[in-house]
Amino acid sequence: MPLWTLRGLRRGIVTTRYPARPDPSAALLPTPPAFRPDVLTPGLADRLVAVCPSRALARDGNLLVFDVGACTACGRCRAAAPEATASSGEFELAATAREHLIKRIPLGGSTR
Amino acid sequence: MTTQGTSDQAVADRSEELRRTVARLFGRSLHIRTLDTGSCASCEQEIRLLAAPHYDLQRLGFFFTPAPRHADLLMVTGPMVAAFENAARKTYDAIPDPKVVVATGACALGGVYQPDAFTRGGVAGTLPVDVWIPGCPPSPLALLQGLLVAVGRLADKVQDLDFARNGTPR
Amino acid sequence: MTALEPGLAGEAGLRGLLAGFGRDGSGDGPVTTVSVPVTDLDAVVRGVAAHPGARLADVFASASSPADDGGQVTLRLVWALDADRGYLITESLVEGEAYPSLSEIAPAAFAEECEIYEQFGIRPAGEKLLNRVALPPGAGPDWPRLGRAPADQPADVHAPHHVGGHAFEFPFGPVRQVAVESLYYGLVTSGEELVDLYLFTWHKHRGVEWRLRGMTPGEALFYVERTEGLGAVGNTWAFAAAAEEALGLEPPPQAMATRAIALELERLYNHAAATAALCQSTGLVIGQAAAEIALERLLRLNAAAFGHRYLFGVVDIGGTRADLDAAALRSDLPGAYGELERAAEALLSTNSFLDRLEATGILAGDAARRLGLVGPVARATGLAIDARADHPAWPYGEFRPSVAEQDAGDVLARFRVMLAEAAESVRLIGEIGRAAVGPGLAFPPGAGPGQPHGSGLGWAESSRGESLAWVALDEGGRITRARLRPAAVRNWRGFDDACRSQNVFTDIPIIEASFWLTAAGTAR
């Protein structure tokens, strides 16, 4: 089928070099949030917990407990408190133990 | 050390031994079987793209197989719909040891659906999971990283991330 | 809501209603809801079914109270009057256990009659055996339902044709080939030739409609999106439109334009994915690779334009939630679509490929009408229905899509329809994109929905066909009943017809690729 062979040769290689080299398309991907301890107050944390539809957030005293495994990167927490959240930019999230995905972020913000 | 501590150590030792076995046996080449326990279908689409030209998992020594007897790794999506549990166990049992189970996507990891009559809310209650890949759906790049972590060729990086950021945004 | 006078039902009253339907100035907008006493339902159904361009788009029920205390059940029929540009909903209160049989008049309704029996315990009059379609075999009287449990267990599906002589029946699935959804076929074969095929989808049933009760529409959107991820935009648009109707909200035009662009992008990537699946099913690996290159570029385009490869998080109640990166869309769309266009051109010149598609999986024209099929599957049989043209919401009313149509009803016809639609999607994106596009909500986020409570019907032409949704809200704006009817719910019932027409086993994946449905969309 010379038609296909020529097409293929002309098209060239599109394969990613990952993991040998980083892939620029990763920059387009939605990623779980990162939280700002210096801005997070218990009140803000509770608001975030309430807004998460996937139960990825919970409050344990002075800690915001973030389950990266349950996170769908939907962005609702970012929209609810943009000053207290940022995009983590992390997509390499595979874990060899479930606990590796549970993060505890201290609430450091003052209630003004 | 209490009995609790001893068994924790024993578990950690066995995990490490399994990891070394897996790296030795599967580090260069392994066969993947997929299992949909009730997904929304987008995880499956990303998994299909692993074999597509942009990602080409075969260059890394990974191959898909429809035959459970031929498989080394089971990639499981979906929240484990209760009515599917038997079929899931049968698929797992049909794969000979040693095998690796990779829970794939937020539903399989316990997000999205809470456990109730319809779903178990994740696959870990039904199958022994070795690697967890978050995402909704996890992109093919995330899936590649997950598979490489599963065979010990890439490190579990997420354990050292704290998802806490002070100061100016990235 | 107009009440149909009992005495006028079926004759003058119905004719008058249908004659004035959907015309400007009728006052009721494109959706009219009519109360019909259950004793008149048979006559009304016959009357509407005979109306030109009328299509029974959905049948569902709601219970006035969720408990099994014999609460009243309301049966709703949603008719799409495609020629009149409107939808007609008939509501009938069913007080006993039975209502007039609908599937005698509209065979497409049989699957819904079965589902309603499982969820509400009411059944069509007559002795006809009802099948288990929605809930799993273990679903006893205590299983969470939308209404009360049925008096008898529904029967397991069996092949309608007589299995005898050399033919035998065997189950296939639900765990199937690599990276495809779980789906369970019952196959009846005499060896190679397919005599019959029926499907079970209850092992993927996540109880989404049951789950949504008590949620606000905004909370529910998260689950509606994930009911069928490959149809996220179409299904959330239908749902949001239904909620907006119930709340009395009107999204700003620029948000509607944004939604339309997302919907066309969803159509594009699905058609590329179907092309790849067609190549895979026919063993044309190089064609599959070419289509997958196009698909990957389209998914990256989605991520660049809207922040998610599968366009999650675009539609919101009252408008849109995601900003469109119009510059990225303009710069990346030509290249991405170019890949698909070139792949399609090469495929249409590859005779060995076309030979496998031609005369495979033929659906006769009257099958599409009889079974109430929608989308490319219907359009490939000559049934030129398209919700963007027949029930246009802005911007489709102004930027009119041309409806792709073929006659042969085989796999090749469906493929041609998808390719024509892809080209049309690119044109629409360009034109709508030049109009005012932007995010926007009818109310600011966090302010809560509007005051009025009530019910509403919403629709969108997803890549698989017309997706419908209906919601009823209480005074607090919370869902008392949400009905989701993605296109897959309708079109799977055409799959066994298509497989039965002188096909062999190896044709099944080809036919399945040409339908390009999901198990998730129907199991939900």
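**Exercise 1.** Determine what distance separates the centres of domain 2 of chain C and domain 3 of chain C.

*Solution.* Begin with the bounds, which come from an automatic or database domain assignment. For chain C they are domain 1 (2–124), domain 2 (168–200) and domain 3 (212–497). Next, take the centres over C-alpha atoms: those of domain 2 and domain 3 of chain C are 28 Å apart.

The model is predicted, so local features need pLDDT of at least 70 and side-chain atom pairs count only at pLDDT 80 or more, while totals for chains, interfaces and linings use all residues. Residues are numbered from 1 along each chain as its sequence is written, and chains are lettered from A and ligands numbered from 1 in the order in which they are written.

**Exercise 2.** State where in chain A confidence is lowest and where it is highest.

*Solution.* Confidence is expressed as pLDDT (the predictor's value for each residue, from 0 to 100). Over chain A its mean is 92, with 96% of residues at 70 or more. Then go by element, where helices (H or I, at least four residues) and strands (E, at least two) are DSSP runs numbered from the N terminus. The lowest mean, 80, belongs to helix α1 (residues 2–11) of chain A, and the highest, 97, to strand β3 (residues 63–67) of chain A.

**Exercise 3.** Describe the side of chain C that touches chain A, by element and by class.

*Solution.* A contact requires C-beta atoms, placed from the backbone, within 7 Å. Chain C and chain A contribute 13 residues each. On the side of chain C, α5 (217–225) and α8 (285–306) each supply at least two residues, and α8(C) gives the most, with five. For the classes, Ala, Val, Leu, Ile, Met, Phe, Trp, Tyr, Cys and Pro count as nonpolar, Asp, Glu, Lys and Arg as charged, and the others, Gly among them, as polar. This side of chain C then has seven nonpolar, four polar and two charged residues.

Note on methods: Two residues are in contact if their C-beta atoms, placed from the backbone, lie within 7 Å.
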